[in-house]
Amino acid sequence: MTNHTKEEPLSADQWLIESQELRSFVATVREISANTTDDRSQTLARLEPYFQELLAQPRWLPEKFAQINPESKMGGGIGQWLLYRSQDRSLTVFSLVIPPSATTPVHDHLAWGLIGLYQGNQEEIVYRRVDNGESEEYAQLEVVEVRSLQPGDIYRLLPPDGDIHAVKTTSQSASVSIHVLGNDTGCIWRHQFIPESHSVKSFRSGYSNVPCQEEEKENALIR
Ligand SMILES: [Fe+2]
């Protein structure tokens with residue numbers, strides 16, 4: 001198994017966009033998540049109305065962060081744009097842009113979170129793992145739910161519930177969803193699944209606009 005170094009804390013919170021709407025939403029997330037650390041279902045329930053409000057506002061996300069990314073590590077031109085990351089990497093907000101007809105791999109997130117659709121339409125297939133989870137190469141998944149999502153729709157991640165899914169854009173234009181996650185989703189090593197062959201492998205999606213520390217080190221070695 002590959003040994004991955006843990007990403008170090010940042011020197012300060014990172015803001016990749018300048019938006020009053022996002023700043024005030026993040027302040028609310030920080031307050032609510034700090035007050036509900038022992039019950040993440042409470043965190044999610046209390047956050048939802050504020051998230052709904054953010055998703056209903058049409059102009060806070062700059063066009064640049066609603067673009068697809070042909071270089072994507074997730075494949076299919078999917079853009080994953082970091083918008084905010086807390087200093088200790090325990091909270092991130094990012095946009096995920098999936099081109100028309102493209103599908104994400106089946107993947108997990110390994111943290112509590114809320115995902116809301118901002119533009120376009122999606123179909124989401126939610127899975128659950130039914131083996132004992134001990135093997136690094138084998139996983140047996142079963143489909144729990146298939147959902148059609150419209151702008152404004154929100155779903156919850158509360159591992160293991162809702163944590164494994166694949167998402168496809170069903171609109172003519174790219175879909176844009178906003179993710180609020182209790183980890184540094186783009187830079188941690190998580191899992192990609194191929195349900196038909198029961199295989200699982202570790203993967204790191206990265207962000208389209210910010211390298212992870214480990215990637216920076218690898219690039220420095222190549223140079
Ligand atoms: Fe996801």
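What follows covers the ground rules, the nonpolar cores, the aromatic pairs and the metal site.

## Ground rules

This is a predicted model, so local features need pLDDT of at least 70 and side-chain atom pairs count only at pLDDT 80 or more, while totals for chains, interfaces and linings use all residues. Numbering starts from 1 along each chain as its sequence is written, and side-chain values use heavy atoms, with hydrogens and water left out.

## The nonpolar cores

A nonpolar core here is a set of buried Ala, Val, Leu, Ile, Met, Phe, Trp, Tyr and Cys residues joined through side-chain atoms within 4.5 Å. Buried means under 20% relative accessible area, exposed means over 50%, and partly exposed is in between (1.4 Å probe, protein chains only). The largest core has 28 residues, and Leu22, Phe51, Trp60, Leu61, Leu83 and Ile178 have the most contacts inside it. Several elements each supply at least two of its residues, including helix 1 (20-35), helix 2 (40-56) and strand 10 (175-181). Helices (H or I, at least four residues) and strands (E, at least two) are DSSP runs, numbered from the N terminus. Apart from this core lies another, of 20 residues, with Ile98, Ile115, Tyr155 and Cys187 among them.

Let's zoom in on Trp60. Leaving out residues up to four places away in sequence, Trp60 touches Ile17, Ser19, Glu21, Leu22, Leu54, Leu83, Tyr118 and Ile178; contact means heavy atoms within 4.5 Å.

## Aromatic pairs

Rings of Phe, Tyr and Trp (its six-membered ring) pair up if their centres lie within 6.5 Å; planes under 30 degrees apart count as stacked, over 60 as edge-to-face and the rest as tilted. There are five such pairs. In one of them, the ring centres of Trp15 and Tyr84 are 4.5 Å apart with planes at 50°, so this pair is tilted. Trp15 belongs to strand 1 (residues 14-15) and Tyr84 to strand 2, so the pair ties together parts 69 residues apart in sequence. Trp15 is partly exposed at 25% relative accessible area, whereas Tyr84 is buried at 0%.

Trp60 and Tyr118 also form a tilted pair, 5.5 Å centre to centre with 55° between the planes. Both residues are buried.

## The iron site

Which residues coordinate the iron ion? They are His107, His109 and His165, each through NE2, at 2.1 Å. Donors are N, O and S atoms within 2.8 Å of the metal (3.2 Å for Na, K and Ca); water is not among the atoms, so sites may look incomplete. His107 in strand 4 (residues 106-107) and His165 in strand 9 (residues 164-169) are 58 residues apart, and both are buried.
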